[in-house]
Amino acid sequence: MSRKALLKRQPRPVEINGETVMVRPLTLREAGQFDELAKAGATRDLLAFMVATCVTDEAGQPLFSADDPEIEDIPTDVIQQLSETVTKISSGGKVETAAKN
């Protein structure tokens, strides 16, 4: 595998509540930031960081920034599913991807 391939952050389509969402895994740097937020007990910041970092468009561009107030308007069941998906793909687990139309 080439250096370029290793550094590529390819999002994957996953289905959440019947909708397709593009999600990518955390990088090692991002995982460290995630761990620091977890240790600090900053749950809201932790979840906002995860959404801002890992939820993207098809080109891999973030849909949100970490300080985007609209993140707090995402329903908690969706946040929970996103969190589980990011955790799974960031640890090398497989997730069922959304079917392409």
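Colleague: In which helix do E36 and K39 lie?

Modeller: First, this is a predicted model, where local features need pLDDT of at least 70, side-chain atom pairs count only at pLDDT 80 or more, and totals for chains, interfaces and linings use all residues. Residues are numbered from 1 along each chain as its sequence is written, and side-chain values use heavy atoms, with hydrogens and water left out. Helices are DSSP runs of H or I with at least four residues, strands are runs of E with at least two, and both are numbered from the N terminus. E36 and K39 both lie in helix α2, residues 28–40, three residues apart, or about one turn of the helix.

Colleague: How many salt bridges does a search of the whole structure find?

Modeller: A salt bridge is a side-chain nitrogen of Lys or Arg within 4 Å of a carboxyl oxygen of Asp or Glu. The search finds three. E36 and K39 form one of them, at 4.0 Å from N to O. In another, the closest N and O atoms of R24 and E30 are 2.7 Å apart. R44 and E72 also pair, at 3.9 Å. R44 lies in helix α3 and E72 in the loop between β3 (55–56) and α4 (76–90), so this pair ties together parts 28 residues apart in sequence.

Colleague: Are R24 and E30 buried or exposed?

Modeller: Buried means under 20% relative accessible area, exposed over 50%, and partly exposed in between (1.4 Å probe, protein chains only). R24 and E30 are both buried, whereas R44 and E72 are both exposed. K39 counts as exposed because its relative accessibility is 68%.
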